[in-house]
Amino acid sequence: VTFTFGEDRGGTRATLQELNITDLWLFDYVGDELKQTIHKTEGFDALTISIDYGEHRLCFVASRGTDHTVTAPTISWEKPSDTFWKDYEVNVVSTSNGNRAVTLDRVATKLRIAVNDEIPDNAAVMAITPSTWYYGMNYTTGAAVAPSSASRTVDIPASLHGTTGELAMTIFGLSGADEWTTDVSVVVYDANSVVLGSASIVGAPFMRNRSTEYSGSLFSSGSLTNLSLNEAWATSHIGTW
């Protein structure tokens, strides 16, 4: 059986190459027994498998997260990124069509933080710390797993020093189908880990296939609102601190 893949974009299908996918898994279950696992890191245009006759539950995962760990029935990533999943049931008989198109559904969420005020010349690191953030998924149910409160950081280049409204950071995580909330801390440090500016967001909402975006001032009073929509994602949640 040969499978081809894509993401539904309102009547069009984006290929896995267009989504910059780096890993594709297929987990073949008969009942509760895992019969075979296939992992591809290239050639995402199609996946061909030999499969026994009968009823199968095929779980597909496509992701561009890094440093993954697979421990049945979960996959977790050191650094999650855009991730897609499908639970696909098929009954293979002698007359089955050998070619099938599978549309994968996004199971990732993302948080974008934008700083509106001027960046100090000694700003070195920006850190985002959610109280809870999910780094993995159960590929048989689609549930988010592997919660952590670790900080995600990015170095601030000197080219952004003195600029206004140019500093932004985005992190990806995994999400279940239902909306959930978590508190988020945003901090900018200098090279000696001295805090230059910080903000706290209480009850930020997240959901798979939706971007949550917050903007505000870290180094001065007052705040501005930066509104935007993410094409190919559900309508963003926009807030300020």
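What share of the contacts in the chain with a separation of 6 or more comes from residues 24 or more positions apart? In this predicted model, such residues account for 66% of those contacts. Let's take a walk through the chain and meet some of the pairs that sit in it.

**The chain as a whole**

The chain is built with 20 strands and zero helices. Its C-alpha trace spans about 70 × 35 × 30 Å along the principal axes. Of its 241 residues, 44% count as buried. The accessible surface comes to about 11400 Å², and carbon and sulfur atoms make up 45% of that area.

**A serine in a loop**

Now zoom in on Ser-175, which lies in the loop between strand E16 (167-174) and strand E17 (180-189). Is Ser-175 buried or exposed? Its relative accessible area is 1%, and buried means under 20%, so Ser-175 counts as buried. The side chain of Ser-175 joins that of Trp-180 through a polar contact of 2.9 Å. Beyond its neighbours within four places in sequence, Ser-175 is in contact with several residues, including Val-107, Thr-109, Gly-142 and Met-207.

**Salt bridges**

How many salt bridges does a search of the whole structure find? The search finds five. Here are some of them, with the distance between nitrogen and oxygen:

| Lys-35 | Glu-33 | 3.5 Å |

In the pair of Glu-33 and Lys-35, Glu-33 is partly exposed at 46% relative accessibility, and Lys-35 is partly exposed at 43%.

Lys-86 has a relative accessible area of 25%, so it counts as partly exposed. Asp-105 is also partly exposed, with 37%.

Arg-210 is buried, with a relative accessible area of 12%, whereas Glu-179 is partly exposed at 45%.

Notes
Residues are numbered from 1 along each chain as its sequence is written. This is a predicted model: local features need pLDDT of at least 70, side-chain atom pairs count only at pLDDT 80 or more; totals for chains, interfaces and linings use all residues. Side-chain values use heavy atoms; hydrogens and water are left out. Helices (H or I, at least four residues) and strands (E, at least two) are DSSP runs, numbered from the N terminus. Buried means under 20% relative accessible area, exposed over 50%, partly exposed in between (1.4 Å probe, protein chains only). Contact means heavy atoms within 4.5 Å. Accessible areas come from the Shrake-Rupley method with a 1.4 Å probe; for residues, only the protein chains shown count as cover. A polar contact is a pair of N or O atoms within 3.5 Å; within protein, one must be able to donate a hydrogen and the other to accept it, and residues adjacent in sequence count only if both atoms are side-chain atoms. A salt bridge is a side-chain nitrogen of Lys or Arg within 4 Å of a carboxyl oxygen of Asp or Glu.
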